[in-house]
Each structure stands twice: as C-alpha cells, then as structure tokens.
Amino acid sequence: MKTETIKILLIEDNPGDARLIQEFLKNQPHRNFDILQAGTLAEGLEQLGSGQIDVVVADLGLPDSQGIETLEKILEKKPTLPVIVVTGLKDELIGITAVQKGAQDFLVKDQFNEELLYRIILYAIERKEAANRRLLTNRILAILNRENVWQQLIHDILIEIKVFTGIEAIGVRIKNEKDYPYFEVTGFDSEFTQEESSLCSRDSSGNRIEDEDGKLQLDCMCGRIIRGRIDQSNPFYSGKRSFWTNSTSKLIAEFPELYSQLFSRNRCRREGYESLALIPLYAGDEVVGLLQLNDRSTNCFNLSKIMFFEEIGSTLGIAFQRMENERELQERIKELNVLHNIAIIAEISSSIGEYAQGIVDMIPMGFQDSEHTCCKLEIDGKIYQTKNCPDSKYLYVSDILYNGRKVGRLDIGITRSPNQTSSTTLLQEEKELIITIAKQIGDYMGRDRSDKIQRIIYNISTYTNTTINLEELVMFIQKQLSDLIDTTNFYIAMYDKDTDQISIPYFADQKDSITSFPAGKTLTAYVIRSRKPLLGKRADLDELAASGKIETIGEKARVWLGIPLQVKSNVIGVFAVQSYTDENAYTENDLTMLEMISQQISISVERKKAESDLRRALEKATESDRVKSAFLANMSHELRTPLNAVIGFSQLIDAETPMDEVLECLSHIHRGGQHLLEIIEDILNISVLEGGSVEVTKTNIQLLPFLDQINEAVKEEKRKIKKAHLDVRFIQGEEELDIWLLTDKEKLKQILMNLLKNALKFTNEGSVEWGARKDVQENRAILKLWIRDTGIGIPEPVREIIFDIFRQANESHTRTHGGTGLGLSVTRKLTELLGGSIWVESEEGKGSTFHVNIPLEGEMVSEKRKLPVEQPDEKLTLSGKIILVAEDEESNFELMEILLTGKGCHILWAKNGHEAIQLCSEHPEIDLVLMDLKMPIVNGYEATAQIRASNPNLPVIAQTAYAMPSDRQEAMEAGCNDLITKPIKTKELYQTIARWLV
C-alpha cells in the first residue's frame, strides 16, 4: 500500500509541546508526516510562502502574536489551507471562536492523544479540501454559464484550476476532426505547445498514420488515454481510465515498457515533469477531450484529487459537447431556443414535476409543425404530456438515462386533429433534437439528485459541529435523507469488534424497537463483514437465510437496503432503510446515491462518537488530576514524616550526648532512613512498571523453602512495626508444595511481601493468615496464594480503585494509616507481568482476603535438591583478601572500609575509574573490585571494560545509586559480575561478596 505524505507546518514556541506533537505523528499507519516547525508567527508566515503545506497546526499564544489574531493572519496569508489551532487555555469558547473565524478544528493542550490528533488532522484536510473543491466547482460552473467565447471561458477555467492546485502547467485538448490538438493551455511554453499540439503519429515522410479502422493513430500516453487502450489492472490508472503518477522517473524504473508511451517524443522528459495527470473528458460515453496537468515537483496528486479532476473533466466534457451542439444548432434557431428555454426551466424549477411539465410544454416549439406536435414524458413512473396528445402510437421514442440506467422515456408524435395521429415522419434533425433533449433531461435528473446529495452532505457536515450528541445527529441524518428516499424505517448501527456487539443509538421503525444485539449472522453483520452495500428484496433475503449466511431477527421487510459506514479502512457500522409494504421502495440508484453520502455520514458519526469518548476522557482526566493532587499531598506527608525523624534525631547528637542516647537516636535515624528508602522504592517501582521497561527473569526456585523465607520475613516485619500480639500463620494446602517453580523470584517475593505488609498494617487485633496450594483451572496448573486478615476491611465503592495508581481506600487528610497508595498498584502490575491475576474480597470492619493466581510453569517433582546455603554474616571472614574499592565519595569509601576491614581483608582505594585501572594493573593480587559506576575522569562502565580486557577472571561488583533494570543490564554488558544498589545494605554486601570469594 502506498503511504501518503502529509506536510504539516507546526507553529509552536514551546519545544516540549512541539516535540510531543511530532512524537504523536511519528508512527502513524498509511501516512507519513513531514513536519516543519516555526517558533513565531513571522517564521510560520515565511514558511507558508516558501513551500507546499497541507495543514497548519498553530498555537494561539506565540511570542509575536496572541489569540484569534494569530489565526486571522494565517488565513489572510493562505485562506485555502486547513488550520487547526492549539491553546493551553481550557476554555471551549476560544476553540469555538476559532472555528467560527475559519479554523477547521481546535485542540486543548494536555487533552489530546496521538489517535485524536491524527484523526483531527485528517478530518481538517478532508473538510477544507471538500470546501475548496466545492468552491472551485461553483466557480467553474459560474464561468460556463457566462456569455462569452469558449476560448476565454476555458482559459478562465484553467486559471481557476491552476490557482486551486498550484500545478505548473495545465492544458485542455478538444477533438477536432480526427485529432485532439490543444484548445487552451497555461504554464506550458509556446515551443512545448506547438510541438505537442497534434497527437497524430507520422511516418518517415511526415504523413499521418491511420490504423486498420481508418482512424488516425494517436501517439504518446495522451493518445492511449483518449483511445482507452490501457490495462486498468496497473496502479497508475484510475477507474475512469485516467493516468497519473507522482514520479515519472520512478514509474519508468518500475515499468520500463511505459517509456515509449510516456516519452516517445521525449518532450516531457526534457522538460523534467515528474508529476503528471491525464484526465479524459467524457460527454456521455464518448471521450471528447483531455485535461492535462504537469508539474516538475513530485507528489502533487493522490487518488482523491484525481477523482475530483475527473468530476471537473466530466463537467468540461459535457460543456464541450454543449459547445458542439450549440455550433450545430446555430443554424436551427427554433431548436436552439427550445434547448435554451429548457435550460432556463431547469434553473428555475423547484421540483422534478415542475421541470417535467415545463419542458413538455416547451418541446413542440422546436419542431417544424409546432402546432400539431405532441409530447409525452415519463419520469420515475409519472407521466407528463401536452394537452393535444392522443392515446395512439408515437412517431419517435427516446429513452432517458441516468448513470446508464433507464429512468424514463420521451415520446414525440404529430397529429392533424385532436383525434387522429398523422403518419408524417420526423426530420432527422428533429430526431437528433429529441435525443439531445432526452439526454438533457437525464443530465438534469442526475444534477438535481447530485445537488441534493451535495446539499445533504454539506448539511450533515455543518450540523455535526453544532449537535450535542450522536442521537441528535442520527435524527438529523434521517430527516435529510427523507428528501431522497423513504426513511420511515431507518436506523444506524455501531459495531464493536472487540465484543462483536451491535448497538443502535437511534432506531425509527414501524414494527420493531431494538437497541443492541450480538452481531451473529444478522443482516447488519453481513454488510459489516462483506464491507459491501446490500439491496435485497424479500426473495433475496430468504435465499440468504436459506443458505445459512444470515439469520433474521425482528419483523421481515419487503425490501432492505444497508450501506457500510467506513472510516479509513475500518467498518464502524451500518445505516439501513427498509420497507414492510413496497418491495420497489428502493432501487440500485438509491444504493449508489447512499454510497455517495455514506462517507460523510461515516465521518460525522465517528466524529460525534469521538467527541463523546473525549468528554468521557475529560471526565476521567479531571478525576485523574484530583487523584494525583491527593497523592502529592499524601506523598509530602509520607516523605516529611521519616525526614523529620532523621533530621530531628541527628540534631540531638553532639559531643556531650551520652552513648545510650546516641544509640537510641541512631536507631530512630536508621528506621527513618529505611522508611524513606521504602517510599522511594515504591515510586521507582511504579515508574518502571508504568514505563513498560520491566523485564521478567524466570528461574527455577524451590517453592517450600522460598515460602519459609517469606514467613520469616513477615515475622520480622511484625516485630518491627510492634504488632507482636497479632497471630500470623502460614497454611500449606493439602497438595505437596515441595516442588520447583519457574518464575521471577524477586517479583513473586515483592508481591507477597507487599500484600502481607498491607495486612499487618491494617490489622490491629486478631490474625493474619496466608497460604498456598496447587490447583488446576481451564486445564492449566496454577499456584493459588491468599492473604486473609481481620483488619478494617475495604468499603465496597472503593474495592476496585485500590489497585489503581495513586488511589487509596481513604484519601482524606484525616486517615489513620499512612502510605503512598502505590503498593497495590505495583502488586497488580507485577502479578500481571508473571501472567497471573489478583483480586480482593472484603467486608468493611471484618477484614479482607487478597487472592493471587500464578501459572505453574515448568513444575517439577522435588528431587530433594537444596537451595545454596548462604553463610551467616557473623561467620563471614575475608582474612587475607585484597579488595579494591573504586569510589569518588570519601564518606562512601569510609563506610565500605569500616564494613570490610572488620572482616579481616585489606582495602585499596581508587578515587576514579582511571586510578582503578592503574591499581588493578599494578596489583595483580587483588581478589575483588567494588566498582562505583558514576565517577569522574573515567566512569565505572569504561573502567570495568578495560579491567576485564586484561584480567577476565577478576570479580567486579558494581555499586550504584541507579536502580533501574536497564542499569543492571548495562553494568553486566560492561563486564560486571554482580550489582548492589545504594544505600548499601550490610547483609546484601556480605552475601554478594561471599558468592564470589568464599
């Protein structure tokens, strides 16, 4: 699929906001965004004058311009460009005012995401492009209706197209005998026009070559398009046989056979035209000319523009045909007057009935015996005729066609008396006049319907900006469509592909009343899945049901017509009409007409739905802001409480303080520091989990010893928080737990400890009971864990939100229990990372039970293997060992010196990475290196890499204040054997060293 590039001018002085918008648009499917940024309005206006821009996204608050004046200056510079304004003020009136002043849409900072930004940009371009196209079409029609020579009219039209598109060179070819010379050009030089005017192939003598049918052989790609000699399976041809490319160089490289067709005369090649479009001009089924657009730049066209040019080409083709007719009719004044008057009737008629009767009364005046000429016209099943028409055979009949389908007939006869039809034959010129009038009637019907369609599309688009909700919009759509078809039984259905459910925001029906249903095999689902419209009478629907393709719900209709609603490539729903009484209520023409309108309906419905979603998102964001504010207030309290102890007790210690008081103060300081560390770790954990950068490292762990360790840790926690009176019990299920479990040990430990600490925290009297057992659910082995307490319980309204980030059951300032509100959020995310699930059962005042299910992956029956026995700290001896401590902070080194020399080892100190490398080189007897990762001159990563290059077996343990998973990975990649985090825990330090030295 070809990816379209959209060029955006972003006028934003805030680098952060500009970067955010650029990131949002970086990886969008099916679109590439080329973003030019300007920091001031002056820079933006200069950018607008220097290149082709598709859409402008502009902040209303700029250093050199503020408010709506910014928008007005942009539109003054480029009135045809779509502009989306961005404001940091949460004031909807500003956005509405901007839209009223000409903006296509508005965005409020901090209230949009990448999907909404992407959709608004596309919608803005589409709406502005549609408005510009309507304006260009109206201007072209106005020019064609002027009284002027054709050469001047076409010249003016080409100028309008050139201004609208910005294309360098445009030309129109019109059939002249057997050739198609240029009728009018703009942007081509005279030498090009003269050389390329004739399309006829010539032999070596310069004579024109004819084919076997006697037709002049036309040269170049222009000739192939006019003759229709193309292979439409190739991507550079449209459905209406137009040819287009955004890079002739690339096209020739991919399709070498086109070289002789595109550049047989080598003129376009020499001129360097890269973007090229050749649009055949049709008058009915006949190609009467060609619209040619050339530009030296690439990427000037897309399929939507080509289709629009084809609509213009159709108008020009009909206009040229009319020009030819007028030339012929100049010699026949009566016929000319008739056709002219019919055209006037078409302009002033307010309905098809008024138009039909008017032309029936006018037609006889174009015939030689107007007094005795009678006329009968049948349109849409209704008959209109002159007063003197007898009920007898007519002399000449012409079908009236609309889109190739017969919609009526025109009958002409001559009578000598009111009761007798003459056998006089019509002149050939009169027969041709009848054919011309019949064609005009068909054109009028198509134009009338097209005008209604365009008006409906415009009305729906406009109403979308003013309506409050989706139901109001759908009611308005029903009323608009009632001008074209019977919408008595009408509904719009929205499809949710995740649930395979269909909801109906508005349902108008004589028989049924339905609001939602499973998609299943309903007619609506059939259209959604086939992605094609369906017009079916009762017999057709019964046949689909008999084949098993559909199942009927509700009352059966005599005829049903459904059109899929598509936005981009996604079917979002269906709108349908049906009749219970008339199986001919809808036709193929109605289907085609509704297809034309469906795109606007799809966009409007999707936008209104998006607005509803946006309102809900705004409500959620408001709640999120409130929750975050409560969290920050709570966090201030949680941080200041242990800080108060640390700072307060440290101030009490001086040289005269008795030792027993010093020890008591140090105990308080230690507990405060530990509390601070726990808070910081909670914040870091949720930050890493929210960022999606957590990696799961699964290993086989022996389950029962692991659970015993957790139980011991819980007992220690109970002692630490002074709740020794609580009864804490570990209960093993009936199943044998002496198994090996494949999981991430540290994350499972954190899950259990978070829940057990919570249980102890919120339980003042009674017990905390926890346990584990094996189970099978849906043919899958799982480990079921539970933690049950007799604490305060959780009120029902807040049982779900306690797992949300920043949320707590009690968020008031008077709550009894402290905490960051992050523990359960971390626990749920860790559980989900391990492939498990977590939920809570609770009754306020009676306690809570938390359940955790973890998949039993790689379960094995115990082979009586034992976990490695960790040497107790007090028994660890490092006598005779030499350890190099690489640390730039002297206080940190002094701490390490005290901790290590007490175990009998000798310490060397390196104050930076360079000294560490040098000391390792000078002292090959060093047994282990404790390497700080952040140091001056040479950091720990580089120092480790160099030491490892010369001494691959020397253990290097990283010590760092960075605690993210990526930091551990980077340290390991640099060559470290292990890693401990600051603040250093004595037990962890000794155990880590013991792993590598003992």
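**Exercise 1.** In which helix do Glu-712 and Lys-715 both lie, and how many residues apart are they?

*Solution.* Keep in mind as you start that this is a predicted model.
- Step 1: Find helix α21, which covers residues 703-720; Glu-712 and Lys-715 both sit in this helix.
- Step 2: Look at the side chains. Glu-712 and Lys-715 form a salt bridge, with 3.7 Å between the closest N and O atoms.
- Step 3: Check the surroundings. Glu-712 is partly exposed at 49% relative accessibility, and Lys-715 is partly exposed at 41%.

**Exercise 2.** Find the salt bridge between Glu-12 and Lys-109, and decide whether each residue is buried or exposed.

- Step 1: The N to O distance between the side chains of Glu-12 and Lys-109 is 3.3 Å.
- Step 2: Glu-12 is in the loop between β1 (4-11) and α1 (15-24), while Lys-109 is in the loop between β7 (105-108) and α5 (114-144). They are 97 residues apart, so the bridge links distant parts of the chain.
- Step 3: Glu-12 has a relative accessibility of 1% and therefore counts as buried. Lys-109 is buried too, because its relative accessible area is 15% and the cut-off for buried is under 20%.
- Step 4: Widen the view. Glu-12 and Lys-109 belong to a network of salt bridges that also links Asp-17 and Asp-59. A search of the whole structure finds 23 salt bridges.

**Exercise 3.** Which strands pair with β8, and in which sense?

*Solution.* 
- Step 1: Sort the side chains. Ala-169, Gly-171 and Arg-173 point one way, and Ile-170, Val-172 and Ile-174 point the other way.
- Step 2: Turn to β12. It pairs with β8 in the antiparallel sense over 6 bridges, and Gly-289 in β12 stands opposite Ile-174.
- Step 3: Turn to β9 (residues 182-186). It also runs antiparallel to β8, joined by 4 bridges, and Tyr-182 in β9 is the bridge partner of Arg-173.

**Exercise 4.** Where do Asn-299 and Asp-500 lie?

*Solution.* 
- Step 1: Look at the backbone angle. Asn-299 has a positive phi of about 60 degrees, although it is not a glycine. Phi of Asp-500 is near 55 degrees, again a positive value in a residue other than glycine.
- Step 2: Locate each residue. Asn-299 lies in the loop between β12 (286-295) and α12 (303-329). Asp-500 lies in the loop between β18 (489-496) and β19 (501-508).
- Step 3: Classify the accessibility. Asn-299 is exposed because its relative accessible area is 53%, and exposed means over 50%. Asp-500 is partly exposed, with a relative accessible area of 27%.

Notes: Residues are numbered from 1 along each chain as its sequence is written. This is a predicted model: local features need pLDDT of at least 70, side-chain atom pairs count only at pLDDT 80 or more; totals for chains, interfaces and linings use all residues. Side-chain values use heavy atoms; hydrogens and water are left out. A salt bridge is a side-chain nitrogen of Lys or Arg within 4 Å of a carboxyl oxygen of Asp or Glu. Helices (H or I, at least four residues) and strands (E, at least two) are DSSP runs, numbered from the N terminus. Buried means under 20% relative accessible area, exposed over 50%, partly exposed in between (1.4 Å probe, protein chains only). Two strands pair if DSSP finds at least two bridges between them.
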